[in-house]
Amino acid sequence: MLFPIIKLENAHEGITGIVAGKLKDYAGKPIAIVTPKKDDYKGTSRGIDTLNIYEILGNERELFSKFGGHKGACGFTICKENIEKLEDNIQKYMNTLPEEVFHIPVKYDLELT
């Protein structure tokens, strides 16, 4: 999966953004984590430097009851019945991207000889 959407049934929503950021750094790909809220999922996502996650998820705006964010991170609320459609649509889009998008340049402060 090029953009995993992870369902965490018992996670506290206050930490899901931190977890999504750590997983994004580890995996080198955008990540979304969703937690259940009655008939909905509340989601948080983190993107990589070479992709605009706000645009990617914004293309699926009709599936969300709430949506907001910026290039690097987004939050959303989605009805549970729409989550599979979101996953399918996102993966189809990600499969159209060139592989170079996932080659993240390493940032460093100083080069040592």
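**Exercises on a predicted protein chain**

The 15 positive charges (Lys and Arg) and 17 negative charges (Asp and Glu) of the protein chain have mean positions 6 Å apart. His and the chain ends are not counted. Each charge is placed at NZ of Lys, CZ of Arg, CG of Asp or CD of Glu.

The model is predicted: local features need pLDDT of at least 70, side-chain atom pairs count only at pLDDT 80 or more, and totals for chains, interfaces and linings use all residues. Residues are numbered from 1 along each chain as its sequence is written, and side-chain values use heavy atoms, with hydrogens and water left out.

**Exercise 1. State the order of the secondary-structure elements in the protein chain.**

- Step 1. Take the DSSP runs: helices are H or I with at least four residues, strands are E with at least two, and both are numbered from the N terminus.
- Step 2. Count them: three helices and five strands.
- Step 3. Read from the N terminus: β-α-β-β-α-β-β-α.

**Exercise 2. Describe the cover and pairing of strand 2.**

- Step 1. Set the classes: buried is under 20% relative accessible area, exposed is over 50%, and partly exposed lies in between (1.4 Å probe, protein chains only).
- Step 2. In the protein chain, 39% of the 113 residues are buried.
- Step 3. Strand 2 (residues 31-37) is mostly covered, with five of its seven residues buried.
- Step 4. Strands pair if DSSP finds at least two bridges between them. Strand 1 (residues 5-7) runs parallel to strand 2, and three bridges join them.
- Step 5. Opposite Ala-32 in strand 2 stands Ile-5.

**Exercise 3. Classify Lys-38 and Ile-15 by accessibility.**

- Step 1. Locate Lys-38: the loop between strand 2 and strand 3 (40-46).
- Step 2. Lys-38 counts as exposed because its relative accessibility is 82%.
- Step 3. Check the backbone: phi of Lys-38 is positive, about 55°, although Lys-38 is not a glycine.
- Step 4. Ile-15 sits in helix 1 (residues 13-27). At 45% relative accessible area, Ile-15 is partly exposed.
- Step 5. From Ile-15 to Thr-44, the C-alpha distance is 9.9 Å, across 29 residues of sequence.
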